[in-house]
Amino acid sequence: MRLDRELACREVVELVTSYLDDSLDPADRERFEEHLVFCDGCENYLDQMRTTIRLTGRVEHELPAELQAVLLEAFRGWRAS
Ligand SMILES: [Zn+2]
């Protein structure tokens, strides 16, 4: 399950703007929400994205590469602990 979860976390990072934009198809949306149930890292990430959107008033479709790297690093650290 370790590999599956790693892949899914990357997918969450890629899909989060579509999710918040309400533009995911229902199957992807369901998968996304199921992932959040067991993955604290992605749940926190989604919270951060929501906060960002509340502050900026829009969804950033281009996630800065720097932020993406930080998040993926955080996911790795979270799984390792
Ligand atoms: Zn995750």
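**Entry 1: a term to start with**

With 12 C-beta neighbours inside 10 Å, D21 counts as exposed. D21 lies in helix α1. I then looked across the chain to R58. D21 and R58 are 37 residues apart along the chain, and their C-alpha atoms are separated by 9.2 Å.

**Entry 2: the model and its confidence**

I noted that this is a predicted model. I looked up the confidence next. The mean pLDDT of the chain is 80. Of its residues, 79% reach 70 or more. Which element has the highest mean pLDDT, and which the lowest? Helix α2, residues 26–38, has the highest, at 90. Helix α4 has the lowest, at 72.

**Entry 3: the layout**

I counted the elements. There are four helices and zero strands. Read from the N terminus, the order is α-α-α-α. I checked how much of the chain is buried. Of the 81 residues, 11% are. Residues 24 or more positions apart account for 65% of them.

**Entry 4: the core**

I went to the largest nonpolar core. It has eight residues: C9, V12, V16, C42, Y45, M49, L71 and F75. Which helices supply at least two residues each? I found α1 (2–21), α3 (40–56) and α4 (65–80).

Y45 came up first in my notes. Leaving out residues up to four places away in sequence, Y45 touches V12, V13, V16 and L71. Then I turned to V16, which lies in helix α1. V16 has 22 other C-beta atoms within 10 Å, so it is buried.

**Entry 5: helix α3**

I checked the length of α3. It has 17 residues. From its first C-alpha to its last it reaches 24 Å, close to the 24 Å expected at 1.5 Å a residue. Which residues of α3 are buried? They are G41, C42, Y45 and M49. I looked down the axis of α3. Its buried residues fall within an arc of 90°, so they line one face of the helix. The face turned away from that buried side carries exposed residues: D40, D47, T51, R54 and L55.

I stopped at E43, which is also found in helix α3. E43 has 14 C-beta neighbours inside 10 Å, so I logged it as partly exposed. Just after α3 comes G57, and I noted its positive phi of about 80°.

**Entry 6: helix α2**

I repeated the length check on α2. Its 13 residues should span 18 Å at 1.5 Å a residue. The end C-alpha atoms are 19 Å apart, which agrees. How many of the 13 residues of α2 are buried? The number is zero, so α2 lies largely in the open.

**Entry 7: the loop between α1 and α2**

I finished at D22. Its place is in the loop between α1 and α2. D22 has a positive phi of about 65°, although it is not a glycine. Is D22 buried or exposed? I found 8 C-beta neighbours inside 10 Å, so D22 counts as exposed.

Note on methods
Residues numbered from 1 in each chain as written. Predicted model: local features only at pLDDT ≥ 70, side-chain atom pairs only at ≥ 80, totals over all residues. Core = buried A, V, L, I, M, F, W, Y, C linked by C-beta atoms within 7 Å. Buried ≥ 20, exposed ≤ 12 C-beta atoms within 10 Å, placed from the backbone. Contact = placed C-beta atoms within 7 Å. pLDDT = per-residue confidence, 0-100. Expected span 1.5 Å × (residues − 1). Arc of directions from axis to C-beta.
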